[in-house]
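Take a walk through the chain shown below.

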Amino acid sequence: MSAYRELAAAGLISGHVGRGTVVVDPAQHRESRAPAGGVPWPQLFAPLATALYDPALEDAMIAAARPDVISFATGQPAPECYPIATVRQLLDEALHREGARLLQYCPSEGYPPLREAIASWSQQAGIRCTAENVLVVSGSQQGLYLVARALVEPGDLVAVESPTYAGALQIFRAVGARLLPIPVDEFGMRVSLLERALEHRRPKLIYTLPTFQNPSGATLALDRRLHLLDLAARAGIPVVEDDPYRELWYDAPPPPPLAALDQAGTVISLTTVSKILFPGFRIGWIIAPWPVIRQLALVKQLVDLDTNPLMQWAIWAFLERRLLPPHLEELRRVHRDRRDLLLASLAAEANGALHCRVPAGGLYLWCELADGIRARDLVPEAARQGVAIVPGESFFVDPAQGRSFVRLNFTYPAPAALVEGAKRLGRALSALREA
Ligand code: PMP
(Lines give C-alpha, C1' and ligand atoms only; values in the text may rest on other atoms or scores of the structure.)
Protein backbone atom coordinates (compact mmCIF):
# COMPACT_ATOMS: atom_id res chain seq x y z
CA MET A 1 0.00 0.00 0.00
CA SER A 2 2.73 2.51 0.84
CA ALA A 3 4.58 1.81 -2.43
CA TYR A 4 1.30 2.32 -4.25
CA ARG A 5 0.65 5.59 -2.42
CA GLU A 6 4.14 6.89 -3.16
CA LEU A 7 3.76 6.15 -6.86
CA ALA A 8 0.32 7.80 -6.89
CA ALA A 9 1.57 10.89 -5.05
CA ALA A 10 4.42 11.13 -7.54
CA GLY A 11 1.85 11.17 -10.34
CA LEU A 12 3.27 7.97 -11.89
CA ILE A 13 0.15 5.84 -11.47
CA SER A 14 -3.47 6.72 -11.15
CA GLY A 15 -6.23 4.70 -9.54
CA HIS A 16 -9.89 4.82 -10.51
CA VAL A 17 -12.70 3.01 -8.78
CA GLY A 18 -13.87 0.31 -11.18
CA ARG A 19 -11.05 0.85 -13.66
CA GLY A 20 -8.17 -0.29 -11.50
CA THR A 21 -4.73 1.28 -11.42
CA VAL A 22 -2.96 2.46 -14.56
CA VAL A 23 0.53 3.75 -15.25
CA VAL A 24 0.19 7.40 -16.24
CA ASP A 25 1.01 8.09 -19.89
CA PRO A 26 4.26 10.09 -19.80
CA ALA A 27 3.05 12.26 -22.69
CA GLN A 28 0.02 13.36 -20.65
CA HIS A 29 2.14 13.61 -17.56
CA ARG A 30 4.78 15.87 -19.15
CA GLU A 31 3.23 19.06 -17.82
CA SER A 32 3.72 18.02 -14.20
CA ARG A 33 7.21 16.57 -14.62
CA ALA A 34 10.14 18.65 -13.55
CA PRO A 35 11.98 20.24 -16.47
CA ALA A 36 15.69 19.40 -16.72
CA GLY A 37 17.44 21.15 -13.85
CA GLY A 38 14.15 21.96 -12.08
CA VAL A 39 12.98 20.84 -8.66
CA PRO A 40 12.14 17.09 -8.55
CA TRP A 41 8.97 17.70 -6.55
CA PRO A 42 7.62 14.16 -6.15
CA GLN A 43 10.95 12.96 -4.72
CA LEU A 44 10.87 15.75 -2.15
CA PHE A 45 7.49 15.03 -0.59
CA ALA A 46 7.79 13.60 2.92
CA PRO A 47 6.85 9.90 2.82
CA LEU A 48 4.07 10.40 5.36
CA ALA A 49 2.42 13.01 3.13
CA THR A 50 1.95 10.36 0.45
CA ALA A 51 -0.34 8.47 2.86
CA LEU A 52 -2.96 11.12 2.15
CA TYR A 53 -4.00 9.82 -1.24
CA ASP A 54 -7.25 7.82 -1.31
CA PRO A 55 -8.17 7.24 -4.99
CA ALA A 56 -11.60 5.75 -4.18
CA LEU A 57 -12.60 8.77 -2.12
CA GLU A 58 -11.19 11.17 -4.68
CA ASP A 59 -13.30 9.61 -7.46
CA ALA A 60 -16.44 9.89 -5.31
CA MET A 61 -15.73 13.56 -4.60
CA ILE A 62 -15.06 14.35 -8.27
CA ALA A 63 -18.44 12.82 -9.16
CA ALA A 64 -20.18 14.70 -6.32
CA ALA A 65 -18.91 18.04 -7.64
CA ARG A 66 -20.55 17.61 -11.06
CA PRO A 67 -23.61 19.90 -11.36
CA ASP A 68 -25.75 17.16 -12.97
CA VAL A 69 -25.04 14.75 -10.13
CA ILE A 70 -27.21 14.18 -7.05
CA SER A 71 -24.80 13.78 -4.15
CA PHE A 72 -25.30 11.14 -1.50
CA ALA A 73 -21.55 11.52 -0.84
CA THR A 74 -21.39 14.52 1.47
CA GLY A 75 -21.81 14.80 5.25
CA GLN A 76 -23.83 17.98 5.80
CA PRO A 77 -27.15 18.83 7.41
CA ALA A 78 -30.10 19.88 5.21
CA PRO A 79 -28.98 23.20 3.65
CA GLU A 80 -32.59 24.44 3.55
CA CYS A 81 -32.36 24.59 7.38
CA TYR A 82 -29.25 26.78 7.53
CA PRO A 83 -30.39 29.77 9.64
CA ILE A 84 -29.00 32.29 7.16
CA ALA A 85 -31.14 35.28 8.21
CA THR A 86 -30.09 34.83 11.85
CA VAL A 87 -26.44 34.49 10.88
CA ARG A 88 -26.65 37.69 8.83
CA GLN A 89 -28.13 39.60 11.77
CA LEU A 90 -25.59 38.18 14.21
CA LEU A 91 -22.58 39.00 12.04
CA ASP A 92 -23.94 42.50 11.47
CA GLU A 93 -24.40 42.97 15.22
CA ALA A 94 -20.96 41.52 15.96
CA LEU A 95 -19.21 43.88 13.56
CA HIS A 96 -21.26 46.84 14.74
CA ARG A 97 -20.64 46.21 18.45
CA GLU A 98 -17.18 44.66 18.53
CA GLY A 99 -15.80 44.86 14.98
CA ALA A 100 -12.32 46.09 15.88
CA ARG A 101 -11.88 43.42 18.58
CA LEU A 102 -13.33 40.53 16.57
CA LEU A 103 -11.08 41.25 13.60
CA GLN A 104 -7.93 40.80 15.67
CA TYR A 105 -6.12 37.68 16.86
CA CYS A 106 -7.66 36.01 19.88
CA PRO A 107 -6.36 33.55 22.50
CA SER A 108 -5.39 30.16 21.03
CA GLU A 109 -7.71 28.39 23.48
CA GLY A 110 -10.69 30.32 22.11
CA TYR A 111 -12.80 33.46 22.58
CA PRO A 112 -13.30 33.46 26.39
CA PRO A 113 -17.11 33.99 26.41
CA LEU A 114 -17.50 31.14 23.90
CA ARG A 115 -15.40 28.82 26.10
CA GLU A 116 -17.76 29.68 29.00
CA ALA A 117 -20.87 29.09 26.87
CA ILE A 118 -19.51 25.74 25.59
CA ALA A 119 -18.79 24.66 29.17
CA SER A 120 -22.41 25.39 30.22
CA TRP A 121 -23.81 23.69 27.09
CA SER A 122 -21.68 20.61 27.83
CA GLN A 123 -22.68 20.61 31.52
CA GLN A 124 -26.28 20.20 30.34
CA ALA A 125 -25.17 16.95 28.67
CA GLY A 126 -23.76 15.83 32.04
CA ILE A 127 -20.12 16.63 31.28
CA ARG A 128 -18.29 18.00 34.33
CA CYS A 129 -16.15 20.82 32.96
CA THR A 130 -15.34 24.51 33.16
CA ALA A 131 -14.12 26.95 30.49
CA GLU A 132 -10.55 25.79 31.27
CA ASN A 133 -11.38 22.36 29.87
CA VAL A 134 -12.47 23.80 26.50
CA LEU A 135 -10.32 24.38 23.42
CA VAL A 136 -12.06 25.96 20.44
CA VAL A 137 -10.77 24.55 17.14
CA SER A 138 -11.20 25.25 13.43
CA GLY A 139 -13.51 22.25 12.94
CA SER A 140 -13.16 18.89 14.63
CA GLN A 141 -10.96 17.76 11.75
CA GLN A 142 -8.38 20.15 13.16
CA GLY A 143 -9.17 18.89 16.63
CA LEU A 144 -8.34 15.33 15.59
CA TYR A 145 -5.13 16.48 13.95
CA LEU A 146 -4.05 18.34 17.11
CA VAL A 147 -4.76 15.27 19.23
CA ALA A 148 -2.81 13.05 16.83
CA ARG A 149 0.12 15.51 16.69
CA ALA A 150 0.21 15.90 20.46
CA LEU A 151 -0.02 12.21 21.38
CA VAL A 152 1.03 9.96 18.51
CA GLU A 153 4.58 9.30 17.34
CA PRO A 154 5.50 7.33 14.22
CA GLY A 155 5.11 3.62 14.98
CA ASP A 156 2.61 4.11 17.84
CA LEU A 157 -0.45 1.89 17.80
CA VAL A 158 -3.89 3.56 17.65
CA ALA A 159 -7.07 1.53 18.22
CA VAL A 160 -9.84 2.53 15.80
CA GLU A 161 -13.28 1.17 15.05
CA SER A 162 -13.78 -0.92 11.95
CA PRO A 163 -15.32 0.75 9.99
CA THR A 164 -14.53 4.31 11.10
CA TYR A 165 -14.39 7.91 9.86
CA ALA A 166 -12.16 8.02 6.75
CA GLY A 167 -10.75 11.45 7.66
CA ALA A 168 -9.46 10.11 10.99
CA LEU A 169 -7.77 7.14 9.30
CA GLN A 170 -5.99 9.64 7.04
CA ILE A 171 -4.80 11.72 10.01
CA PHE A 172 -3.53 8.75 12.01
CA ARG A 173 -1.74 7.38 8.93
CA ALA A 174 -0.22 10.80 8.24
CA VAL A 175 1.37 10.95 11.70
CA GLY A 176 2.79 7.46 11.18
CA ALA A 177 0.48 5.48 13.46
CA ARG A 178 -0.03 1.75 13.13
CA LEU A 179 -3.74 1.02 13.30
CA LEU A 180 -5.48 -1.62 15.39
CA PRO A 181 -9.01 -2.14 14.00
CA ILE A 182 -11.75 -3.19 16.44
CA PRO A 183 -14.97 -4.42 14.75
CA VAL A 184 -18.26 -2.55 15.16
CA ASP A 185 -21.69 -4.23 15.28
CA GLU A 186 -25.16 -2.71 15.68
CA PHE A 187 -24.31 -1.79 19.31
CA GLY A 188 -21.09 0.01 18.39
CA MET A 189 -17.50 -1.02 19.04
CA ARG A 190 -17.16 -4.62 20.25
CA VAL A 191 -15.48 -3.65 23.47
CA SER A 192 -14.92 -7.30 24.49
CA LEU A 193 -12.65 -7.66 21.41
CA LEU A 194 -10.79 -4.51 22.44
CA GLU A 195 -10.35 -6.02 25.89
CA ARG A 196 -8.86 -9.15 24.35
CA ALA A 197 -6.52 -7.08 22.14
CA LEU A 198 -5.32 -5.10 25.18
CA GLU A 199 -4.06 -8.33 26.76
CA HIS A 200 -1.06 -8.28 24.42
CA ARG A 201 -1.12 -4.87 22.68
CA ARG A 202 -0.90 -1.38 24.14
CA PRO A 203 -2.38 1.34 21.92
CA LYS A 204 -1.39 4.96 22.56
CA LEU A 205 -5.04 5.94 22.31
CA ILE A 206 -8.47 4.55 21.50
CA TYR A 207 -10.45 6.48 18.88
CA THR A 208 -14.22 5.99 18.93
CA LEU A 209 -17.37 7.49 17.43
CA PRO A 210 -19.83 6.21 20.01
CA THR A 211 -22.99 7.92 18.78
CA PHE A 212 -24.59 7.48 15.32
CA GLN A 213 -21.24 6.41 13.98
CA ASN A 214 -19.87 7.57 10.63
CA PRO A 215 -20.30 5.47 8.52
CA SER A 216 -22.24 2.61 10.19
CA GLY A 217 -24.84 4.68 12.09
CA ALA A 218 -24.31 2.38 15.11
CA THR A 219 -24.51 3.71 18.68
CA LEU A 220 -22.40 2.30 21.47
CA ALA A 221 -24.71 0.75 24.07
CA LEU A 222 -24.54 2.07 27.64
CA ASP A 223 -23.03 -1.12 29.11
CA ARG A 224 -20.31 -1.06 26.44
CA ARG A 225 -19.63 2.63 27.17
CA LEU A 226 -19.03 1.79 30.83
CA HIS A 227 -16.92 -1.24 29.93
CA LEU A 228 -14.79 0.83 27.53
CA LEU A 229 -14.19 3.56 30.11
CA ASP A 230 -13.31 1.01 32.77
CA LEU A 231 -10.82 -0.74 30.46
CA ALA A 232 -9.24 2.54 29.39
CA ALA A 233 -8.97 3.92 32.93
CA ARG A 234 -7.42 0.70 34.25
CA ALA A 235 -4.91 0.57 31.39
CA GLY A 236 -4.25 4.34 31.50
CA ILE A 237 -5.05 4.77 27.79
CA PRO A 238 -6.82 7.95 26.57
CA VAL A 239 -10.17 7.58 24.81
CA VAL A 240 -10.77 10.07 21.99
CA GLU A 241 -14.53 10.49 21.62
CA ASP A 242 -15.46 12.01 18.26
CA ASP A 243 -19.06 13.04 18.77
CA PRO A 244 -20.42 15.30 16.02
CA TYR A 245 -23.79 13.55 15.63
CA ARG A 246 -25.03 13.22 19.22
CA GLU A 247 -27.74 15.90 18.91
CA LEU A 248 -29.06 14.44 15.65
CA TRP A 249 -31.30 11.70 17.11
CA TYR A 250 -34.51 10.84 15.30
CA ASP A 251 -36.15 8.18 17.45
CA ALA A 252 -34.95 8.58 21.06
CA PRO A 253 -32.06 10.45 22.70
CA PRO A 254 -28.83 8.40 22.77
CA PRO A 255 -26.99 7.31 25.96
CA PRO A 256 -24.83 9.99 27.65
CA PRO A 257 -21.53 10.86 25.99
CA LEU A 258 -18.41 9.07 27.21
CA ALA A 259 -17.18 12.42 28.52
CA ALA A 260 -20.19 12.52 30.87
CA LEU A 261 -19.70 8.95 32.11
CA ASP A 262 -15.95 9.35 32.58
CA GLN A 263 -14.89 9.38 36.25
CA ALA A 264 -11.14 9.14 35.71
CA GLY A 265 -10.25 11.99 33.31
CA THR A 266 -9.64 9.50 30.48
CA VAL A 267 -11.69 11.12 27.72
CA ILE A 268 -10.80 13.73 25.11
CA SER A 269 -14.10 14.69 23.51
CA LEU A 270 -14.58 16.44 20.14
CA THR A 271 -17.70 18.25 18.96
CA THR A 272 -18.41 20.44 15.96
CA VAL A 273 -21.09 22.81 14.68
CA SER A 274 -20.59 21.39 11.16
CA LYS A 275 -23.34 18.80 11.53
CA ILE A 276 -25.82 20.79 13.64
CA LEU A 277 -25.58 24.23 12.00
CA PHE A 278 -23.31 24.32 8.93
CA PRO A 279 -19.73 23.32 8.13
CA GLY A 280 -18.66 26.62 6.55
CA PHE A 281 -17.82 28.46 9.80
CA ARG A 282 -15.19 25.83 10.69
CA ILE A 283 -15.90 25.86 14.42
CA GLY A 284 -15.59 22.88 16.73
CA TRP A 285 -14.32 22.26 20.25
CA ILE A 286 -12.42 19.81 22.40
CA ILE A 287 -13.24 19.07 26.03
CA ALA A 288 -10.46 17.41 28.02
CA PRO A 289 -8.53 17.61 31.29
CA TRP A 290 -6.73 20.93 31.57
CA PRO A 291 -3.13 19.67 30.94
CA VAL A 292 -4.34 18.15 27.66
CA ILE A 293 -6.02 21.42 26.62
CA ARG A 294 -2.83 23.31 27.35
CA GLN A 295 -0.72 20.93 25.25
CA LEU A 296 -3.20 20.94 22.38
CA ALA A 297 -3.30 24.76 22.46
CA LEU A 298 0.49 24.80 22.02
CA VAL A 299 0.16 22.56 18.96
CA LYS A 300 -2.67 24.75 17.66
CA GLN A 301 -0.34 27.74 17.83
CA LEU A 302 1.88 25.95 15.31
CA VAL A 303 -1.01 25.21 13.01
CA ASP A 304 -3.11 28.40 12.84
CA LEU A 305 -2.58 30.48 16.04
CA ASP A 306 -6.29 30.78 16.78
CA THR A 307 -9.81 30.11 15.50
CA ASN A 308 -11.67 32.83 13.54
CA PRO A 309 -12.96 35.20 16.29
CA LEU A 310 -15.91 36.59 14.30
CA MET A 311 -17.30 33.11 13.77
CA GLN A 312 -16.64 32.25 17.43
CA TRP A 313 -18.71 35.28 18.43
CA ALA A 314 -21.62 34.14 16.26
CA ILE A 315 -21.53 30.64 17.78
CA TRP A 316 -21.33 32.19 21.25
CA ALA A 317 -24.53 34.13 20.42
CA PHE A 318 -26.24 30.94 19.19
CA LEU A 319 -25.50 29.23 22.50
CA GLU A 320 -26.00 32.21 24.80
CA ARG A 321 -29.35 33.23 23.26
CA ARG A 322 -30.61 29.66 23.19
CA LEU A 323 -31.03 29.71 19.42
CA LEU A 324 -29.71 26.17 19.07
CA PRO A 325 -32.48 24.08 20.75
CA PRO A 326 -35.31 25.14 18.38
CA HIS A 327 -32.94 24.77 15.42
CA LEU A 328 -32.09 21.22 16.53
CA GLU A 329 -35.80 20.38 16.81
CA GLU A 330 -36.28 21.47 13.21
CA LEU A 331 -33.22 19.55 11.98
CA ARG A 332 -34.40 16.38 13.70
CA ARG A 333 -37.83 16.65 12.05
CA VAL A 334 -36.45 17.40 8.56
CA HIS A 335 -33.71 14.76 8.77
CA ARG A 336 -36.06 12.08 10.10
CA ASP A 337 -38.39 12.65 7.12
CA ARG A 338 -35.47 12.50 4.69
CA ARG A 339 -34.11 9.30 6.23
CA ASP A 340 -37.51 7.64 5.90
CA LEU A 341 -37.99 8.93 2.37
CA LEU A 342 -34.65 7.63 1.13
CA LEU A 343 -35.17 4.26 2.82
CA ALA A 344 -38.63 3.92 1.22
CA SER A 345 -37.33 5.04 -2.20
CA LEU A 346 -34.43 2.59 -2.07
CA ALA A 347 -36.78 -0.22 -1.03
CA ALA A 348 -38.83 0.56 -4.15
CA GLU A 349 -35.92 1.09 -6.57
CA ALA A 350 -33.02 -1.13 -5.50
CA ASN A 351 -34.77 -4.44 -6.08
CA GLY A 352 -33.25 -6.06 -3.02
CA ALA A 353 -29.70 -5.30 -4.17
CA LEU A 354 -29.01 -3.00 -1.23
CA HIS A 355 -29.51 -3.77 2.47
CA CYS A 356 -29.45 -0.59 4.56
CA ARG A 357 -29.39 -0.39 8.34
CA VAL A 358 -31.99 2.05 9.68
CA PRO A 359 -29.90 4.57 11.62
CA ALA A 360 -31.49 6.04 14.77
CA GLY A 361 -29.65 9.32 14.14
CA GLY A 362 -26.80 10.99 12.29
CA LEU A 363 -26.47 11.62 8.58
CA TYR A 364 -25.82 8.30 6.85
CA LEU A 365 -27.26 5.04 5.61
CA TRP A 366 -24.69 2.24 5.68
CA CYS A 367 -25.67 -0.25 3.01
CA GLU A 368 -24.46 -3.72 2.13
CA LEU A 369 -24.52 -4.71 -1.53
CA ALA A 370 -26.14 -8.01 -2.46
CA ASP A 371 -25.24 -10.49 -5.23
CA GLY A 372 -21.50 -9.97 -4.99
CA ILE A 373 -21.78 -6.43 -6.38
CA ARG A 374 -18.62 -4.54 -5.48
CA ALA A 375 -18.56 -0.93 -4.31
CA ARG A 376 -15.69 -0.13 -6.62
CA ASP A 377 -17.85 -1.12 -9.61
CA LEU A 378 -20.96 0.59 -8.30
CA VAL A 379 -19.35 3.99 -7.63
CA PRO A 380 -18.43 4.70 -11.31
CA GLU A 381 -21.68 3.18 -12.61
CA ALA A 382 -23.67 5.36 -10.17
CA ALA A 383 -21.67 8.41 -11.31
CA ARG A 384 -22.56 7.54 -14.94
CA GLN A 385 -26.23 7.44 -13.91
CA GLY A 386 -25.83 10.80 -12.12
CA VAL A 387 -25.55 9.96 -8.42
CA ALA A 388 -22.48 10.16 -6.16
CA ILE A 389 -21.90 7.65 -3.34
CA VAL A 390 -18.93 6.82 -1.13
CA PRO A 391 -17.39 3.32 -1.40
CA GLY A 392 -17.02 1.32 1.81
CA GLU A 393 -13.28 0.75 1.25
CA SER A 394 -12.40 4.23 2.52
CA PHE A 395 -13.68 3.47 6.04
CA PHE A 396 -11.56 0.42 6.82
CA VAL A 397 -7.95 -0.07 7.87
CA ASP A 398 -7.98 -2.99 5.43
CA PRO A 399 -9.94 -1.53 2.48
CA ALA A 400 -10.89 -5.01 1.20
CA GLN A 401 -13.29 -5.35 4.14
CA GLY A 402 -15.41 -2.53 2.76
CA ARG A 403 -15.77 -3.79 -0.79
CA SER A 404 -19.43 -4.72 -0.47
CA PHE A 405 -20.52 -1.58 1.41
CA VAL A 406 -21.45 1.96 0.41
CA ARG A 407 -22.34 5.02 2.50
CA LEU A 408 -25.24 7.23 1.50
CA ASN A 409 -25.97 10.63 3.04
CA PHE A 410 -29.71 11.27 3.33
CA THR A 411 -29.79 14.86 4.62
CA TYR A 412 -28.14 17.03 1.96
CA PRO A 413 -30.36 16.34 -1.10
CA ALA A 414 -33.84 17.89 -1.04
CA PRO A 415 -36.76 15.39 -1.00
CA ALA A 416 -37.28 15.33 -4.80
CA ALA A 417 -33.55 14.75 -5.29
CA LEU A 418 -33.59 11.88 -2.77
CA VAL A 419 -36.32 10.14 -4.78
CA GLU A 420 -34.59 10.77 -8.12
CA GLY A 421 -31.19 9.76 -6.66
CA ALA A 422 -32.66 6.45 -5.47
CA LYS A 423 -33.99 5.82 -9.00
CA ARG A 424 -30.56 6.50 -10.49
CA LEU A 425 -28.90 4.22 -7.98
CA GLY A 426 -31.49 1.55 -8.78
CA ARG A 427 -30.57 1.84 -12.48
CA ALA A 428 -26.85 1.55 -11.64
CA LEU A 429 -27.50 -1.59 -9.56
CA SER A 430 -29.58 -3.15 -12.36
CA ALA A 431 -26.84 -2.38 -14.90
CA LEU A 432 -24.30 -4.21 -12.74
CA ARG A 433 -26.61 -7.16 -12.13
CA GLU A 434 -27.12 -7.56 -15.87
CA ALA A 435 -23.43 -7.22 -16.67
N1 PMP B 1 -15.33 13.65 12.72
C2 PMP B 1 -16.30 12.99 12.08
C3 PMP B 1 -16.74 11.68 12.61
C4 PMP B 1 -16.89 13.51 10.94
O5 PMP B 1 -17.85 12.81 10.32
C6 PMP B 1 -16.44 14.76 10.45
C7 PMP B 1 -17.01 15.37 9.19
N8 PMP B 1 -17.40 14.51 8.22
C9 PMP B 1 -15.43 15.42 11.15
C10 PMP B 1 -14.90 14.85 12.29
C11 PMP B 1 -14.90 16.75 10.71
O12 PMP B 1 -15.81 17.76 11.01
P13 PMP B 1 -15.48 19.31 10.95
O14 PMP B 1 -16.29 19.87 9.83
O15 PMP B 1 -15.87 19.86 12.26
O16 PMP B 1 -14.01 19.46 10.72
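In this predicted model, Asn351 is partly exposed, because 14 other C-beta atoms lie within 10 Å. A residue counts as buried at 20 or more such atoms and as exposed at 12 or fewer, so Asn351 falls in between. Asn351 sits in the loop between H14 and strand S12 (354-356). Its backbone deserves a look. Phi of Asn351 is near 55°, a positive value in a residue other than glycine. Most residues other than glycine have a negative phi.

Arg322 is another such case. Its phi is also positive, near 55°. Arg322 belongs to the loop between helix H13 (309-320) and H14. How many C-beta neighbours does Arg322 have inside 10 Å? There are 9, so Arg322 counts as exposed.

Now follow H14 itself. This helix covers residues 324-349, and its axis comes within 9 Å of the axis of helix H16 (residues 415-434). The two axes cross at roughly 30°. H14 and H16 are therefore roughly parallel to each other, since angles under 35 degrees count as such. The crossing of H14 past H16 is right-handed. On the H14 side, the contact is made by Arg338, Leu341, Leu342, Ser345, Leu346 and Glu349. H16 contributes Pro415, Leu418, Val419, Ala422, Lys423, Leu425 and Gly426. What kinds of residue make up this contact of H14 with H16? They divide into 8 nonpolar, 2 polar and 3 charged. The spacing of such residues follows from helix geometry. An α-helix has 3.6 residues a turn, so residues three or four places apart point the same way.

H13 has a helix contact too. Its axis and that of helix H6 (residues 112-124) come within 9 Å and cross at roughly 35°. H6 passes H13 in a left-handed crossing. From H6, the contact takes Pro113, Leu114, Ala117, Ile118 and Trp121. From H13, it takes Gln312, Ile315, Trp316, Leu319 and Glu320. The residues of this contact of H6 with H13 divide into 8 nonpolar, 1 polar and 1 charged.

Next comes helix H8 (residues 166-174). Which of its residues are buried? They are Ala168, Leu169, Ile171, Phe172 and Arg173. Arg173 is thus a charged residue in the buried set of H8. The cover over these buried residues includes helix H7 (140-151). It also includes four strands: S5 (157-162), S6 (178-185), S8 (205-208) and S9 (239-242).

Gly176 lies in the loop between H8 and S6. With 15 other C-beta atoms within 10 Å, Gly176 is partly exposed. Beyond residues up to four places away in sequence, Gly176 touches Leu48, Pro154 and Gly155. Ala382 is 206 residues apart from Gly176 along the chain, and their C-alpha atoms are separated by 34 Å.

The loop between S5 and H8 holds Pro163. A cis peptide bond joins Ser162 and Pro163, with omega about 10°. Most peptide bonds are trans. A cis bond also joins Asn214 and Pro215, where omega is about 15°. Pro215 is placed in the loop between S8 and helix H10 (222-235).

Is Glu393 buried or exposed? Glu393 counts as buried, because it has 26 C-beta neighbours inside 10 Å. Leaving aside neighbours within four places in sequence, Glu393 is in contact with Ala56, Ala375, Arg376, Pro399, Gly402 and Arg403. Take Arg403 from that list. Glu393 and Arg403 are 10 residues apart along the chain, and their C-alpha atoms are separated by 5.6 Å.

Finish at the ligand. How many residues surround it? There are 14, and the closest are Gly139, Ser140, Gln141, Thr272 and Ser274. The shell around the ligand divides into 4 nonpolar, 9 polar and 1 charged.

Conventions: Residues numbered from 1 in each chain as written. Predicted model: local features only at pLDDT ≥ 70, side-chain atom pairs only at ≥ 80, totals over all residues. Axes fitted to C-alpha atoms, helices over the stretch in contact; angles between N-to-C directions. Helix = DSSP H or I, 4+ residues; strand = E, 2+ residues; numbered from the N terminus. Parallel < 35°, antiparallel > 145°, perpendicular 65-115°, else oblique. Left-handed = near helix turned anticlockwise from the far one by under 90°. Contact = placed C-beta atoms within 7 Å. Near = placed C-beta within 6 Å.
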